[in-house]
Every structure is written in C-alpha cells, then in structure tokens.
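User: I am new to this structure and would like to learn how to read its features. Could you take me through it step by step?

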Amino acid sequence: MWRQFSCLKRAHYLSPFEWRTCYNLGLAHLTMHQYASAFHFISAAINLKPKFAPLFMLLGVALTHLEDPTNAKQAYEQAVAIESDSPMTYLNYAIMLFNSGDKSHAAEQYAKFEIVPPEKSPK
C-alpha cells in the first residue's frame, strides 16, 4: 500500500490541481483509517470539482469517522442534491444516521437506498 501512496504523493506534487489525484489520495487515506488526512484531500478535490457527488459522500464518511455528524449530514445532503440516484450515498447516509441515534431519518434514507436500482452506481 505504501508504494501506491508514494506514487499518488508524487503525482500530487507534480500536479497539485488535479482533482483525481486528491480523490484517490482521499480514498487511500480512508482505507488506511487516516481520517484527518482523508478529509484534507477530499476537501481539496471538492474545491477543484464541486459538482461531483461521490466526493461529498466520501467527505461524509470521513467526517463520520472524525465524529462530526452535523457536518457529515451536510455533506451527505449535498451529495444527494447533486446526484439523487446514487445508492451508496443513501446507504452510507443511513448508516451514519442510525449510528448517531436518528433511527427514523435513517429508515427514510435506507428506504431510498432500496428504491434506487442496484446497477446504478456513482459516475
């Protein structure tokens, strides 16, 4: 995994305004449970490509692990506002709401997850 980090860090150094590099670094940091670093790179990617819903979903995941449910909820809401047919956004949003104790709203989001066709995935 560290070789991938090294390649991504080099790519980020060579092209700091490439949103895909920031996106992939954010994913890599989420995978390694480095949530503050993931937040940093995902936020940078959002600044570079603000209309890409999966970035806001990943931001919500990072904020959930950083124990900031208020801002995580805002990130999920923004992801849904941009792209309302992403099942993964609804699923992650429902899990976050359930774990933070908002079971009724979590059930609503889970119901939306079940409605969206499974073959539809983030672009």
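This is a predicted model: local features need pLDDT of at least 70, side-chain atom pairs count only at pLDDT 80 or more; totals for chains, interfaces and linings use all residues.

User: How do I read the packing of two helices, and at what angle do helix 2 and helix 3 cross?

Analyst: Start with the distance between the axes and the angle between them. The axes of helix 2 (residues 19-31) and helix 3 (residues 35-48) come within 8 Å, and they cross at roughly 160 degrees. Helix 2 is therefore roughly antiparallel to helix 3, since angles over 145 degrees count as roughly antiparallel. The crossing of helix 2 past helix 3 is left-handed.

User: Which residues of helix 2 and helix 3 make the contact?

Analyst: On the side of helix 2 they are W19, C22, Y23, L25, G26, H29 and L30. Helix 3 contributes Y35, S37, A38, F41, I42, A44, A45 and L48. By class, this contact of helix 2 with helix 3 has twelve nonpolar residues, three polar and no charged.

User: How does helix 3 pack with helix 4?

Analyst: The axes of helix 3 and helix 4 come within 9 Å and cross at roughly 155 degrees. This makes helix 3 roughly antiparallel to helix 4. Helix 3 passes helix 4 in a left-handed crossing. From helix 3, the contact takes in Y35, F39, I42, S43, A45 and I46. From helix 4 come L55, F56, L58, L59, A62, L63 and H65. Eleven residues of the contact of helix 3 with helix 4 are nonpolar, two are polar and none is charged.

User: What span does helix 3 have, and which of its residues are buried?

Analyst: For length, compare the end-to-end reach with an expected value. Helix 3 has 14 residues and reaches 20 Å from its first C-alpha to its last, close to the 20 Å expected at 1.5 Å a residue. For burial, look at relative accessible area, where under 20% counts as buried. In helix 3 the buried residues are Y35, A38, F41, I42, S43, A45 and I46.

User: At what angle do helix 4 and helix 5 pack?

Analyst: Helix 4 (residues 53-65) and helix 5 (residues 69-82) pack at about 165 degrees, with their axes 8 Å apart. Helix 4 is therefore roughly antiparallel to helix 5. The crossing of helix 4 past helix 5 is left-handed. The contact is made by A53, F56, M57, L59, G60, V61, L63 and T64 of helix 4, together with N71, A72, A75, Y76, Q78, A79 and I82 of helix 5. The contact of helix 4 with helix 5 divides into eleven nonpolar residues, four polar and no charged.

User: What does helix 6 look like in terms of span and burial?

Analyst: Helix 6 has 13 residues and spans 18 Å from its first C-alpha to its last, close to the 18 Å expected at 1.5 Å a residue. Its buried residues are P87, T89, Y90, N92, Y93, A94, M96 and L97. What covers these buried residues includes helix 4, helix 5 and helix 7 (103-115). M88 also lies in helix 6 (residues 87-99), but M88 is partly exposed, with a relative accessible area of 38%. The C-alpha atoms of M88 and L8 are separated by 25 Å, and the two are 80 residues apart along the chain.

User: How should I read phi, and where is H33?

Analyst: Most residues other than glycine have a negative phi. H33 has a positive phi near 65 degrees and is not glycine. H33 is in the loop between helix 2 and helix 3, and it counts as exposed at 58% relative accessibility.

User: What is the phi of E67, and where is E67 found?

Analyst: E67, a residue other than glycine, has a positive phi near 60 degrees. E67 sits in the loop between helix 4 and helix 5. At 71% relative accessibility, E67 counts as exposed.

Key
Residues are numbered from 1 along each chain as its sequence is written. Side-chain values use heavy atoms; hydrogens and water are left out. Axes are lines fitted to C-alpha atoms, for helices over the stretch in contact, and angles run from 0 to 180 degrees between N-to-C directions. Helices (H or I, at least four residues) and strands (E, at least two) are DSSP runs, numbered from the N terminus. Angles under 35 degrees count as roughly parallel, over 145 as roughly antiparallel, 65 to 115 as roughly perpendicular and the rest as oblique. A crossing is left-handed if the near helix is turned anticlockwise from the far one by less than a right angle, and right-handed if clockwise. Contact means heavy atoms within 4.5 Å. Ala, Val, Leu, Ile, Met, Phe, Trp, Tyr, Cys and Pro count as nonpolar, Asp, Glu, Lys and Arg as charged, and the others, Gly among them, as polar. The expected span of a helix is 1.5 Å times one less than its number of residues. Buried means under 20% relative accessible area, exposed over 50%, partly exposed in between (1.4 Å probe, protein chains only).
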